[in-house]
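The following note concerns the model shown below. Please read the numbered points alongside the coordinates.

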Protein chains: 2
Amino acid sequence: MKIFRTVRDIQAYTKELKAQGKTIGLVPTMGALHEGHLTLMREARKQTDIVIASVFVNPTQFSPNEDYNAYPRQFDEDCQKMGTVPVDAVFHPEPAEMYPAGYCTYVNVEGDITKKLCGAQRPGHFRGVATVVTKLMNLARADKAFFGQKDAQQVVVVKRFVADLNIPTEIVMVPIVREESGLARSSRNRYLSPEEMQAALVLSRSLRAGDAAFRAGQKSVAALRALVKAEISKEPMAVIDYVDIYSFPALQPIEAVNQPALLAIAVRIGKTRLIDNVILGGDETCC
Amino acid sequence: MKIFRTVRDIQAYTKELKAQGKTIGLVPTMGALHEGHLTLMREARKQTDIVIASVFVNPTQFSPNEDYNAYPRQFDEDCQKMGTVPVDAVFHPEPAEMYPAGYCTYVNVEGDITKKLCGAQRPGHFRGVATVVTKLMNLARADKAFFGQKDAQQVVVVKRFVADLNIPTEIVMVPIVREESGLARSSRNRYLSPEEMQAALVLSRSLRAGDAAFRAGQKSVAALRALVKAEISKEPMAVIDYVDIYSFPALQPIEAVNQPALLAIAVRIGKTRLIDNVILGGDETCC
């Protein structure tokens with residue numbers, strides 16, 4: 001497994017691969033890899049000749065009050081996990097390699113899709129995501145890039161700017177990977193104490209309740225939101241950030257679920273903010 | 001010469017070319033082609049296997065009070081000229097093809113290089129340029145893209161976001177092409193009456209005066225600016241927008257020209273705004 005730390009080296013590598021006619025799959029990550037990430041990499045392994053993963057805790061997508069410095073970094077352990085896929089190459093740059101002195105260009109998705117859900121609480125977050133993903137796709141000369149449905153809004157935003165900027169990379173969304181308990185895999189789960197881990201099960205439980213009600217005929221967005229909120233409120237340690245339903249993938253407000261819709265939630269358990277979602281009327285079964 | 005009007009068609013064309021291992025040169029234009037554009041295309045012809053020119057009057061780089069609607073459009077005549085190069089393919093989309101309903105992504109170069117010179121008078125201009133050039137380079141899968149030194153600040157901005165976003169396209173700057181009179185070629189020259197055309201010669205004359213003084217030993221930016229302004233002021237029809245000198249290509253303020261520097265001017269002749277420049281201490285001889 002090759003490891004590249006500089007823009008120059010990864011550019012030379014991918015230029016040569018494209019000259020050989022190889023297809024390249026990119027899996028962008030911030031490291032602290034779990035089964036969700038590895039599932040993305042295995043999917044890339046199936047779909048493209050070469051799999052490149054990036055491990056980069058991207059400073060521009062964190063707000064000043066967020067957990068950038070505390071975000072877990074464990075590159076050696078990550079490499080061991082990626083070796084099992086296996087991944088062909090890992091791009092692991094320092095922040096100054098990605099944002100050198102004088103850096104001043106940002107990809108801005110100005111539509112309202114970045115201002116709701118996680119965008120409402122995290123101003124600038126999707127500007128940072130769009131910028132770093134554009135850079136990584138260009139460096140990887142990626143034919144396909146793989147993202148998890150867990151960050152469903154991120155997938156919508158990435159698809160939006162890839163289409164808008166005519167970036168020649170296909171975006172593939174991969175279903176959420178969960179613990180047996182139902183908890184969606186997340187690098188932030190490690191922040192949870194055993195007691196909080198138990199409390200965090202309310203996220204997937206409330207989504208299952210919402211999905212079951214929808215399948216039983218409840219189409220009203222107001223009723224479904226109320227039901228999910230009530231379910232979450234049964235857990236004393238849970239503080240709701242949002243419980244929202246939007247059309248998917250357009251993320252437009254709806255009153256009734258007559259087309260595929262994203263039921264997305266963000267909940268704080270102690271100091272840890274967790275997100276989860278289900279696509280109502282989508283192809284996948286719920287959590 | 002192939003003509004493409006849709007994103008889908010140009011994407012299919014360039015994908016196939018890259019699969020064949022061809023190198024692609026892009027010359028982005030707004031049409032109303034003159035010898036300056038054709039020089040860019042001939043340079044692309046020399047440097048790359050395939051030459052793609054775009055002809056697209058890009059609405060996002062015009063301010064509401066600017067000449068977007070009046071900007072000259074003459075596609076058939078442009079095609080005849082491109083046939084003499086020859087160009088392999090022309091991309092000529094409608095605005096709705098480039099900016100369809102729901103479009104919301106912009107490439108923002110946030111540094112001060114976009115806020116001086118033409119950026120000071122044209123807020124949003126370089127955001128539009130950066131966005132459309134990113135789209136065109138992605139659609140063309142361009143190995144190289146060719147820009148004229150006449151829009152020197154544009155070249156600096158394009159090089160900046162191409163480096164920042166790690167876009168795998170090399171930017172080539174081609175020297176200014178002039179009439180025998182010294183007037184820099186510009187699509188906007190056609191707006192000039194014969195009398196204004198004569199008055200417009202003050203632009204290149206004043207740059208020659210500045211360059212001559214620099215070559216004779218005058219390094220002071222203040223003195224050189226004053227000299228060029230005085231020269232322009234001799235022409236009663238000329239109204240100065242700016243006369244500025246910055247380091248090149250960094251475009252940083254300097255007090256003395258001890259390194260290559262851009263002497264750039266914008267002057268209104270009647271209703272027409274013209275720009276011109278010379279790189280003091282650069283490789284090229286002056287106008």
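1. In strand 3 of chain B, B:Ser54 has B:Pro28 standing opposite. Strand 3 pairs with strand 2 (residues 24-29) of chain B in the parallel sense, over 6 bridges; pairing requires at least two DSSP bridges, and strands are DSSP runs (E, at least two residues), numbered from the N terminus.

2. This is a predicted model, in which local features need pLDDT of at least 70 and side-chain atom pairs pLDDT 80 or more, while totals for chains, interfaces and linings use all residues. Residues are numbered from 1 along each chain as its sequence is written, chains are lettered from A and ligands numbered from 1 in the order written, and side-chain values use heavy atoms, without hydrogens or water.

3. Strand 3 (residues 50-55) of chain B is largely enclosed by the rest of the structure, because 6 of its 6 residues are buried (under 20% relative accessible area, 1.4 Å probe, protein chains only). B:Ile50, B:Ile52 and B:Ser54 point one way, and B:Val51, B:Ala53 and B:Val55 the other.

4. B:Ile52 touches (heavy atoms within 4.5 Å) residues including B:Ile10, B:Tyr13, B:Leu26 and B:Ala140. B:Ile52 is also among the residues with the most contacts inside the largest nonpolar core, which has 106 residues (buried Ala, Val, Leu, Ile, Met, Phe, Trp, Tyr and Cys joined through side-chain atoms within 4.5 Å).

Notes: Buried < 20%, exposed > 50% of the residue type's maximum accessible area, 1.4 Å probe, protein only. Helix = DSSP H or I, 4+ residues; strand = E, 2+ residues; numbered from the N terminus. Lists of a residue's contacts leave out its neighbours within four places in sequence.
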